[in-house]
Amino acid sequence: MTENPAAVQKKITVLNQHNEKLVGVLHDTGSMEIVVLCHGFRSSKDFNTMVNLVGALEKEGISVFRFDFPGNGESEGSFQYGNYRSEADDLHSVVEYFNGANLKVTAVLGHSKGGNVVLLYASKYHDVHTVINLSGRYNLEKGIAERLGKDFLKIIKKDSFIDVKNRAGNVEYRVTEESLMDRLNTNMHDACLQIDKGCRVLTVHGSADEIIPVEDALEFDKIIPNHKLHIIEGANHCYTSHQAELTPVILPFIKEGLQHSAAELGH
């Protein structure tokens with residue numbers, strides 16, 4: 001494909017089911033198909049991996065929407081530690097918004113917590129058939145003690161919350177008992193078994209991921225019915241030195257999905 005002229009950027013606000021405004025940026029190339037990008041924990045639509053992927057997709061003439069989940073970036077709502085399934089519902093509000101505008105979301109991609117969100121989305125809604133999980137966590141019971149301390153359950157039962165502080169001693173965010181339980185009760189294994197065989201899933205993970213071990217990607221590979229796995233050697237959780245290696249893996253998978261949907265529509 002020849003390089004397209006720069007896409008038109010439009011700020012768009014979508015209301016979620018709680019009537020909170022989700023703020024996003026649509027990179028409109030004029031295509032009817034849209035790829036939606038979902039950021040991770042305490043991140044935003046401006047995360048460099050998202051922005052870099054936008055550039056690569058735009059060059060192929062594919063429209064992209066990147067947005068902030070509630071309590072992150074510019075969106076309304078309060079930040080929550082859990083909210084995995086709720087964020088899948090937020091993503092559904094975004095998909096419905098574009099369906100209503102006679103556009104079609106053909107792929108969803110999420111990084112880290114966003115990877116979990118797109119998999120949960122696929123397990124519940126079955127209306128987007130190309131899903132890309134970038135460094136998502138398979139076992140949500142893991143990774144908590146590193147952030148909250150090993151006695152997190154005991155403390156939260158006693159105080160009903162834990163304040164996570166930075167090195168300077170300032171509170172960065174609060175974890176409520178409800179949001180912690182939401183995370184602990186989110187079973188990715190069971191959810192992945194609900195993903196349709198017709199849904200193509202790509203998991204990409206760095207072999208040197210310091211936040212979520214690469215073994216989690218191998219677990220997804222065992223249970224998701226129509227799954228492709230790609231490990232990027234030496235890459236960390238945010239692909240700091242491996243940004244250039246993401247596009248050659250992700251772009252063909254998205255384009256293949258577009259060809260599938262075009263064939264189904266008889267184009």
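Me: Why does Phe98 count as buried?
Reply: The relative accessibility of Phe98 is 1%. Buried means under 20% relative accessible area, exposed over 50% and partly exposed in between, with a 1.4 Å probe and protein chains only; Phe98 therefore counts as buried. The model is predicted: local features need pLDDT of at least 70 and side-chain atom pairs pLDDT 80 or more, while totals for chains, interfaces and linings use all residues. Residues are numbered from 1 along each chain as its sequence is written, and side-chain values use heavy atoms, with hydrogens and water left out.

Me: What makes Phe65 buried?
Reply: Phe65 has a relative accessible area of 0%, which is under the limit for buried, so the term applies.

Me: How do you know that Phe65 and Phe98 form an edge-to-face pair?
Reply: A search of the whole structure finds ten aromatic pairs. In one of them, the rings of Phe65 and Phe98 lie 5.0 Å apart, centre to centre, with 70° between the planes. Rings of Phe, Tyr and Trp (its six-membered ring) pair if their centres lie within 6.5 Å; planes under 30 degrees apart count as stacked, over 60 as edge-to-face and the rest as tilted. The pair of Phe65 and Phe98 is therefore edge-to-face. The two residues are 33 apart in the chain, Phe65 in strand 4 (residues 63-67) and Phe98 in helix 2 (residues 84-100), and their pair links distant parts of the chain. Helices (H or I, at least four residues) and strands (E, at least two) are DSSP runs, numbered from the N terminus.

Me: Why is the pair of Tyr121 and Tyr125 called tilted?
Reply: The centres of Tyr121 and Tyr125 are 4.8 Å apart and the angle between the planes is 35°. That angle falls in neither the stacked nor the edge-to-face range, so the pair is tilted. Tyr121 has 1% relative accessibility and therefore counts as buried.

Me: Which residues form one aromatic cluster?
Reply: The cluster consists of Phe65, Phe67, Phe69, Tyr97 and Phe98.

Me: How do you know that the charged end of Lys113 sits over the ring of Tyr84?
Reply: A charge sits over a ring if NZ of Lys or CZ of Arg is within 6 Å of the ring centre and within 35 degrees of the ring normal. The charged end of Lys113 is 4.9 Å from the centre of the Tyr84 ring. Arg200 likewise lies over the face of Phe253, at 3.9 Å from the ring centre.

Me: What does Met50 touch, not counting residues up to four places away in sequence?
Reply: Met50 touches Leu37, Cys38, His39, Lys45, Leu109 and His111, contact meaning heavy atoms within 4.5 Å. Met50 is found in helix 1 (residues 48-59), and its relative accessible area of 1% is why it is called buried.

Me: What makes strand 1 and strand 10 the edge strands?
Reply: Eight strands form an open sheet of mixed pairing, in the order 1-2-4-3-5-6-9-10. Strand 1 (8-15) and strand 10 (227-232) each pair on one side only, two strands being paired if DSSP finds at least two bridges between them. Strand 1 and strand 2 (residues 21-28) meet this criterion with eight bridges, in the antiparallel sense.
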